[in-house]
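Q: Hi! Could you walk me through this one while we both have it open?
A: Happy to, just ask away.

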Amino acid sequence: MAERFEIGFHPFVIPFLAGMVFVLGVCFIKAVIVVSQLDEGDRKKWFRSLIHPNILIKNLVDIILDCLIHVRLWKRNKVLGFMHSSIAFGWFMIILLGHLQVLIYFPEKLSTCYYPIFFDYFIEGGQYTVISKIMDGFLLLILAGIALAVVKRFWSRLFGMRRTTRPTLYNLIGLYSLWAIFPLRFLAEQCVRSGDLSVPLWWAYSIALCTFMTVLPFGRYLHIPAEMLLITFRNAGVGITQPHKGMARVQADSCPNCGVCIDACPMNADPANLKDSTVYLTRQLRRRNQERIREISDKCLLCGKCTSVCQVGVDGPKLRILSRAAKKYRISPDFSNAGAGITVPSAENKVLYFSGCMTSLTPKIGRSVESVLKKAGIDYEWMDRDGGLCCGRPLYTAGRLKEAAELAARNEKQILESGVRVLLVSCPICYREFRERYNLPGIRVVHYADYFCELMEQGLLRFEKSDTCYVFHDPCELGRGCGIYESPRRLISKAAAIAEAPKNRKESVCCGGSLGSLSLDFSRREKITAASLENLYRSRADAIATACPLCFATFARYSDRPVKDLAQIIDEQTKQI
């Protein structure tokens, strides 16, 4: 094995070198800008995490699993998982093995950065090493992934995707240059092995690399380096605190534009909403198109389904809420008196029950919760029996973050002064707000589904089983928001028969009545509700059960079969002990 040329250089490497310098320089500048935009506390946490051994190991493992192997996508769609991982992991291994090959045979050339990329051209006999044969295997793996990508580009339904994003011209240039890189490398290497140095093919290979690297920092492929930075931010505990900056910017840049969230988004039951999915929000965030950002953000139901299916974990609802918070209003409403004048009863050694605004609008749910507590012999106080006390989540989801925090602070003070140790909540919307944005030390906040499950296990609830078969609808805030899936099903299975809808748990379809949307009218919501009901009807259950007053009211308005809240079912099927 020997070098073919004493000079060890050919002009065709110049495009590659130019592209590499450009992409590394631009990505470094972007990373510096993003890090500088972090809050001072988050920035310190991130820097400290970079020297913490355990976090460093987790960063490395997560980057391998998420960026190279795409384990999340494998779990959701094995064909898409193979397609992405074959290209990402295969390319990484070719680069790694290429450098290893130079290190072993020509260590003095390791600093010549183009040698690992164009090894077969500059080194005579380089194709006969064991490492070279392994690299050939990875190249074939990549070509298989590219073939699948071509098929997906034109026939996405074969991959289970009804809709995909419509690429921009800029992204198309990146896509086609990526597709060209590996066939050109394969052809150039085969020509070398047949005795023809085929300089035009090496030129084409180098230009394809340059084109892709030049496009990468400004299109969808920015997600390749951005996701690695996102993982380090996430593992350091950095949160989204500013609209369009810092962590929010990294999340937008990390979106791969795969389009998985399009089919998942319940709003797309109406074709008019197709371009309001999270994938299009991140595209507008990159473009800084404020008008479209506001429009997309206001329309969203904030159901969180896009986040649950996203292979990167882009937090679509949080990005939208912060976009709403950045909106300038022509009026400045005064919320300082919100919750004022409301008193919380003393609840020393008692359970304090908070029903919330939506339960007040569906009073049968509150009465059922109270009845079950009495049957179980629980000493309790009803905190907002007469209404008037809001948890603050509507203000928060509308982007009124300061006002929501002020309301929460007033509520916190009264709840803490009540002496309560258990705060029982029947509305998932309120429950999530109490869990995530309240500071209630020494107080256990619990949703009634979990609490009643505990009462059942303690023998304080005695069930009589009904012949009715229920399908349980997982409310967005209770399921995807708080991770409560099992306790409602355990309770229903004790009280009646239970069936499952095709899309359930984290894949559950929003009822359409969500308070999250600021602009969807009833006619558009009705289509979403119809799609959600159709999913539930496919279970062939006799009736629908849910554990959210908003879902209950929405479904009851349109369903052609009975709809009951979980508390009603438990109340009907339990006896006084």
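Q: Which residues does Val-260 touch, leaving out those up to four places away in sequence?
A: This is a predicted model, to begin with. In it, Val-260 touches Leu-73, Arg-76, Met-161 and Val-309, with residues up to four places away in sequence not counted.

Q: And which helix does Val-260 lie in?
A: Val-260 lies in helix α12, which covers residues 260-264.

Q: Does Val-260 count as buried or exposed?
A: Buried, because its relative accessibility is 9% and the cut-off for buried is under 20%.

Q: How far apart are Val-260 and Arg-162 in space?
A: They are 9.4 Å apart, C-alpha to C-alpha, while in sequence they are 98 residues apart.

Q: Switching to the sheet: what is the strand order?
A: The order is β4-β3-β5-β6, in an open sheet of four strands with parallel pairing. β4 (380-382) and β6 (444-447) stand at the edges with a single partner strand each, so one side of each has no neighbour in the sheet. From one strand to the next, the twist averages 25°.

Q: How many bridges join β3 to β5?
A: Four bridges join them, with β3 at residues 351-354 and β5 at residues 422-425. Phe-354 stands opposite Val-425 in β5.

Q: Which strands does helix α21 lie across?
A: Helix α21, residues 428-437, lies across β3, β5 and β6, and it runs at about 155° to β6.

Q: OK, helices now. At what angle do α10 and α11 cross?
A: Roughly 140°, and the axes of α10 (residues 223-236) and α11 (residues 247-254) come within 8 Å. The two helices are therefore oblique to each other. Their crossing is left-handed.

Q: Which residues meet there?
A: From α10 you have His-223, Ala-226, Glu-227, Leu-229, Leu-230, Phe-233 and Arg-234, which meet Met-247, Val-250, Gln-251, Asp-253 and Ser-254 in α11. The residues of this contact divide into six nonpolar, three polar and three charged.

Q: Last one: how many residues of α16 are buried?
A: Eight of its ten, so helix α16 (residues 316-325) is mostly covered. Among the buried ones are Leu-319, Ile-321 and Leu-322, along with Arg-320 and Arg-324.

Q: Which helices do those buried residues pack against?
A: The buried residues of α16 pack against α11, α13 (278-287), α14 (290-299), α15 (305-309), α19 (393-397) and α20 (401-417).

Key: Residues numbered from 1 in each chain as written. Predicted model: local features only at pLDDT ≥ 70, side-chain atom pairs only at ≥ 80, totals over all residues. Heavy atoms only, no water. Pairing = 2+ DSSP bridges. Axes fitted to C-alpha atoms, helices over the stretch in contact; angles between N-to-C directions. Contact = heavy atoms within 4.5 Å. Parallel < 35°, antiparallel > 145°, perpendicular 65-115°, else oblique. Left-handed = near helix turned anticlockwise from the far one by under 90°. Nonpolar A, V, L, I, M, F, W, Y, C, P; charged D, E, K, R; others polar. Buried < 20%, exposed > 50% of the residue type's maximum accessible area, 1.4 Å probe, protein only.
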